[in-house]
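Trainee: I would like to learn how to read salt bridges. Please start with the structure itself.

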Amino acid sequence: YGCTEAGSMCTRRTVESERWRPYPGLQMCHHQGVTHVSGPHLDAPVVTPDVVETHADGGITLLGRSADMVKIAGKRASLAELTGQLLGLPGVEDGVMFVPADREGARLAALVVAPNLSEAGILDALARQMDPAFLPRPLRIVAHLPRNELGKLPRAELLALLEPHRA
């Protein structure tokens, strides 16, 4: 595991543990929402976009990217992981979970392409596999997601699809 800012930083043996082991002399800490890396090959500590959990034995658990992490009701989750759970539901052809408001603790929203499912059915299925704090409200079924030519989802278009009269 590594990043552009600090180079190769850690290794792991997935058959033994999900924890990463920093290379000798390298230290990582996550404090007040920021992960810092320091080591003999770096002139000064470097800030990385990753969120890590440090352990007493020196190992780390990679939790996700800071831009991808949400905190709701004191709990953290990765939007990519939550969207992955949504996309894993039978009958869901495409979808996205995102935070519609620019404030910590805001509820998640979801737009889903699932022509043969109901919003209530999707929420019931999600409730069986994720923490209730992360259940999307609102959840809207749409004909397609507004992907641009690069395959990205423009935020303004996602927000417009959440408007009740456009559902």
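Mentor: A salt bridge is a side-chain nitrogen of Lys or Arg within 4 Å of a carboxyl oxygen of Asp or Glu. Side chains of opposite charge can pair when their charged atoms come close. This is a predicted model, where local features need pLDDT of at least 70 and side-chain atom pairs count only at pLDDT 80 or more, while totals for chains, interfaces and linings use all residues. Residues are numbered from 1 along each chain as its sequence is written, and side-chain values use heavy atoms, with hydrogens and water left out.

Trainee: How many salt bridges does the rule give?

Mentor: The count is 6 salt bridges. One of them joins Arg13 and Glu16, at 3.0 Å from N to O.

Trainee: Are Arg13 and Glu16 buried or exposed?

Mentor: Buried means under 20% relative accessible area, exposed over 50%, and partly exposed in between (1.4 Å probe, protein chains only). Both Arg13 and Glu16 are exposed.

Trainee: Which residue does Glu18 pair with?

Mentor: Glu18 pairs with Arg12, and their closest N and O atoms are 3.1 Å apart. Glu18 is exposed because its relative accessibility is 51%, whereas Arg12, at 31%, is partly exposed.

Trainee: Where in the chain do Arg21 and Asp57 lie?

Mentor: Their side chains form a salt bridge of 3.0 Å, N to O. The two residues are 36 apart: Arg21 is in strand β4 (residues 21-22), and Asp57 is in the loop between β8 (50-54) and β9 (60-65). Strands (E, at least two residues) are DSSP runs, numbered from the N terminus. Arg21 is partly exposed at 37%, and Asp57 is partly exposed at 42%. A network of salt bridges links Arg19, Arg21 and Asp57.

Methods: Helices (H or I, at least four residues) and strands (E, at least two) are DSSP runs, numbered from the N terminus.
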